[in-house]
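Please go through the model chain by chain, with the sequence and the coordinates side by side.

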Amino acid sequence: MATKEKSLAHEEPVTPAPEHHHATNTGLSNEKLAMWAFLGSECLLFGALISTYFLYRGRSVSGPTPEDVYDIPYTSVSSFVLLMSSLTMVLALAAIQRGDYRRLRIWLLATALLGASFIAGQVYEFTSFIREGLTIKTNLFGSSFFVLTGFHGVHVTLGIVMLLSLWNLSLRGSLTQDRSEVVEIAGLYWHFVDVVWIVIFTVVYLVK
Amino acid sequence: MTTVLEPPTPDVLATTPVEDAGLMRRPTEPQGVWSWITTVDHKRIGILYGVTAFIFFLAGGIEALLLRLQLAKPNGTVLGAEAYNEVFTMHGTTMVFLVVMPLSAAFFNYMMPLQIGARDVAFPRLNAFSYWAFLFGGLFLYSSFLLGGAPDGGWFGYAPNTSIVFSPGHGIDFWVYGLQILGIASTVSAVNFIVTMLNMRAPGMTLMRMPIFSWMTLISSFLILFAMPVITVALFLLSFDRNFGANFFNPAAGGDPVLWQHLFWIFGHPEVYILILPAMGMVSEVLPVFSRKPLFGYPVMVFSGIAIGFMGWGVWVHHMFAVGLGPVAVSAFSLSTMFIAVPTGVKIFNWIATTWKGSLKLTTPMLFAMGFIAMFTIGGLSGVTHAVSPHDRQQTDTYYVVAHFHYVLFGGALFGIMAGIYYWWPKVFGTMLDERLGKLNFWTWFVGFNLAFGPMHLLGLQGMPRRIYTYDESLGLDFWNMVSTVGAFTIAFSVLVFMYNIWRSHKRKVKAPADPWDARTLEWSIPSPPPHYNFAEIPTVHALDEFWHRKYTEDDDGRPVRVADPQGGEGGDDDPDHDDEHHDDEGHGIHMPSPSYYPLVAAFGLPVMAYGMVYGRSSGQSYVVVVLGAVILLAGLFAWAMEPSAEPEEHDHEMIEAHSGEEPVLVAAGGPAALEDGGQESGEKGGQPAGGASEDPTDGGGGGPAPEGSGP
Amino acid sequence: MARAGRLRVLWTTAAAGLLLVACGNQELPQNTLDPEGPVARKLDNLIDPVFVVAGLVFVLVQGLVLYSALRFRRRSDDEAPRQVHGNAKLELGWTVAPALILLVVSVATVGTIADINRRAEGADVVNVNVIGHQWWWEFEYPGRGVVTANELHIPAGRPVALKLTSEDVIHSFWPPKLAGKLDVIPGRENFMTVEADEPGTYFGQCAEFCGLSHADMGLRVVAHTSGDFDEWVRTNAAPAERPNEGEAGEGAALFRQKGCASCHTVNGYSAGELGPDLTHLQQRKVFAGAAFELNEQNLRVWLRDPPEEKPGSLMPNLELSEDEITKLIAYLETLK
């Protein structure tokens, strides 16, 4: 599966290599290393946000309180949906590594859709909280809840944009097996966002 | 906002192959203004950083002079309370974010790739984006002076003084969003430098053969990477309070202003090391060269740097000893603060040992470097007295602290940076700075500095608090304040000498040879100034201080003996003209990344969004401007991702495009031979994806996958 | 010989001068190196030996740098110094030695931390609530019925337990000769002890940047003998008598008409809460965050345009005529 770019660059036929790297000092490609570094930075971002939420637990001087508004079963389902999207993401990566572009697109789309249903669920949750009288202005709980989960939601949304772009590239035939690393890098981000959600779900919703 | 704008998107999405020709051809001008605006060359970006930061330095310096004029006498009338508060806020913010950090970034950009034997950084366009974001962030911050008043909450912006109740104007908004933009700029460049250093060192350059300045760059970059998101969060919380009525720092709703202090100083203390480590690196380069001796205890210097980097995260509460956090927290942080002095002290003694029994040539860079040791020591010692936290209750928020951190950041960081400027000037501009003017520069700088900040120790202990726009004569503080003001103007004179020296060197054009100082590291092995491709042939490294070892061997007594026929470098030895002649020749066929408009376009979206946020607070419609800014940013990123590389058909063996067909990646490891031979990107090895984690820094990463000259 | 003698005189004069500047009593009312109470003295006793050690290290390092610069200066371009790459023993030495010194310092430090964090207790302890405002201090004496501003009156030789809270932003309470500073934070309560050895007036000021007039937020601590303090409390706990006639009487009426009463409490006459309690204004020597001495002239200037005198002052310019000001001052002068 030699792209035009490659055949231009090299006279010899290119042997397909599922994991294809530049000779870098670490063995990781620059792009992947950059993603790891970026995710390291993101850990501190979410760490600070989660700590803020945690420090402010129970300090609100007025309601509603978490107990008033949380619908744990509902959020558990949407958390499960997001978790499942990590699975489909893995399947997407496996597909492109096999060179199975049809399945790649299916799984990319599935991942994006699962992510989108999570976001839809979050939007619904936000609106129902607001209906119950909890906004960012109401109390400390409102401020820290909306900012923390909102930040996570924005991350998921960016991930969806990323996935749809990959899907689109694949449709146009430019996302090929030898560039599977692009999917892998997007996957790193996606899994990271999922893991962060597990922490948020535990800290924000489950810990009493 | 960081999250929205962070870098991975473009790179991950940068997947369109070449045939998808982008919106327009990439710019190609080699000269002129446009070539600078569109440049992605790390050297040019380094110069841009340096020049911009120097201009901000002049601004911050003028602010300092205003402050000193106001305080020269009791009950001064030069500035009112409001102006004074704005000026000291901007002075601090400028010097930290717009001067010392970008000056260090200038050296990271210019020198680090040369030191590690690379042709550029890992993501050249992202690098340009960082610069433009920094520039726009700085201009945005300064535009507040014209738009109704600069921020006046101090560079530390303590809540709740920064809330809308107590600061209803837009000044604080400018500060918040200005810092957000600058945070994006530094985070992006930190990622870029980290990847460059971990991945693109020349073959044979293990981490423990990496020049010490590059090491400090690496540690600094990690600190930036992890510290910036914390202040990003703090600023977001504050802006949600201000823009959307959240309660994070509203005591009436149960919010705790002390949370701001924790977040700010968890960022703020590593920030101090972000400011000082690069200067330590520069000094560690200068001292050995002008002592004709290797750096004493290189591994210890590296590990003490790492130790400082780690311990720097565990001392932030020493900024808060007067907050009333209780004896346990205060004791713990007193101890950690004291013991961070240990690795710092090790560095000081190692520097002295480097000069010990050396052959010291007291050139201007060497004078600044030795001045650094002397002055930074004073800052370190007063730092230890802060760690004695009961007495810190007397010191904190007084001029004693002002004296302390100026001895660290001026006596330390700026002395180091001046050493770096005088040391690397010939390399960067190909001309020599005048030594006599340089010495005048140093001595006026040194005397002025001590006159300006030495007395502040006394003033603080005599009970002069910080951040006061006026003081009464009954406090008995007038004499030393006047001395301090005289010192400040002496420094100003010194800066004028420095500028005159630069102007003169451009007039006279005393050509600099490739290696004017008989230096030790790879950047001196290539011509001055370096060709745009840096190394005609990627060097293979066999030792720490590689370039020195090409010039010298050691006799039995351990003394250096000049190698008869030095394998020198590409720079020739002392004949700069000669270099000029074969530039074009040599460089032919080396394909460097093409210039691009889009980093500038994308970065321009940031201040637009920021203006929208600032004015959105007073009129909701302004949030439309935020959307506009986001569209500019995204359009810029999109065009960036789709941008074709110039002349795709003209492939060559020196440079390899990334799989993405996009961000051009230079293969640092493995010379041309390996590439020609391997045909395809020496694709063979590629360590397994290995689940990710970055490599163990102690492991000589370079050894592994680097094809050791497997040429024909 | 004569020259050496002159030099010695010069040196000793300079040293004495420096010492005077550093520790002089009268000229430096906020000098931290000249404690006048047991709390501040503990801090000073802790830091003095640290300064000495730091001074020794300073001399050592500067000496080494200077020596190196002079002794090892390059004299010929052929010099080929031995290439020493390091010395594990030496490096270990200068890692361990500072660590040991710091260990000693840290033991002393931790001891003092525990000491100064102990809250003053006992029958003779005076309790005062300190409330920070932009930009003045309020002092309440719980159980004694006294509220005053900017001047903290205490009995000398007895520990005074302060509870610090803030009405607005973060301030920091700092009477340098009596104690180190402690932040005054909205939504938090902080506790500190001050004590003066002798009766006298001690200077202090807000040490945390608190907005526009941070510089004008001074304070005084006035220590009395025990008997005088009780007398002071008695005087200040009594309500003010309202003058009914003359300029003072008209001033009292103006005090209500012009809205002064809505911000200032005069016990027995008004109950405003935003500004300082004025019931016994004349008991104080300073006003407006200890920025001004209390006298007729200063009050007049102040009443003409407070924000002009103290930037950002919450007390607005009331557009008073000179006549009204005269009457108001006459009234204020009755608040003894």
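How many helices and how many strands does chain A have? Chain A has seven helices and zero strands, where helices (H or I, at least four residues) and strands (E, at least two) are DSSP runs numbered from the N terminus. The model is predicted, so local features need pLDDT of at least 70 and side-chain atom pairs count only at pLDDT 80 or more, while totals for chains, interfaces and linings use all residues. Residues are numbered from 1 along each chain as its sequence is written, and chains are lettered from A and ligands numbered from 1 in the order in which they are written.

From the N terminus on, the elements of chain A read α-α-α-α-α-α-α. Of its 208 residues, 47% count as buried; a residue is buried if 20 or more other C-beta atoms, placed from the backbone, lie within 10 Å of its own, exposed if 12 or fewer, and partly exposed in between. Two residues are in contact if their C-beta atoms, placed from the backbone, lie within 7 Å. Among contacts in chain A between residues at least 6 apart in sequence, 80% join residues at least 24 apart.

Chain C contains nine helices and 14 strands. Its radius of gyration is 27 Å, well over the 20 Å that the globule rule gives for 336 residues, so chain C is more spread out than a compact globule. The radius is taken over C-alpha atoms, and the rule is 2.2 Å times the number of residues to the power 0.38. Along the principal axes, the C-alpha trace of chain C spans about 95 × 45 × 45 Å. Of the 336 residues in chain C, 40% count as buried.

Chain C also touches chain B, with 75 residues from chain C and 83 residues from chain B in the contact. On the side of chain C, helix H1 (2–23), helix H2 (38–71), helix H3 (88–116) and strand S7 (182–184) each supply at least two residues. By class, that side has 43 nonpolar, 21 polar and eleven charged residues. Here Ala, Val, Leu, Ile, Met, Phe, Trp, Tyr, Cys and Pro count as nonpolar, Asp, Glu, Lys and Arg as charged, and the others, Gly among them, as polar.

In chain B, consider helix H10 (residues 298–311). At 1.5 Å a residue, its 14 residues should span 20 Å, and its end C-alpha atoms are 20 Å apart, which agrees; the expected span is 1.5 Å times one less than the number of residues. Buried residues in H10(B) include B:Tyr298, B:Val302 and B:Ile308. What covers the buried residues of H10(B) includes H8, H9, H11 and H12 of chain B together with H3 of chain C.

Back in chain C, an open sheet of five strands has the order S3-S2-S1-S5-S8, with mixed pairing; two strands pair if DSSP finds at least two bridges between them. Strands S3 (146–149) and S8 (190–194) of chain C are the edges, each pairing on one side only. S2 (residues 136–141) of chain C runs antiparallel to S3(C), joined by four bridges, and C:Tyr141 stands opposite C:Val146.

Strand S10 (residues 218–224) of chain C is mostly covered, with six of its seven residues buried. S10(C) pairs in the parallel sense with S4 (residues 151–155) of chain C over five bridges, where C:Pro155 has C:His224 as its bridge partner. With S9 (residues 200–205) of chain C, S10(C) pairs in the antiparallel sense over six bridges, and C:Gly204 has C:Leu219 as its bridge partner.
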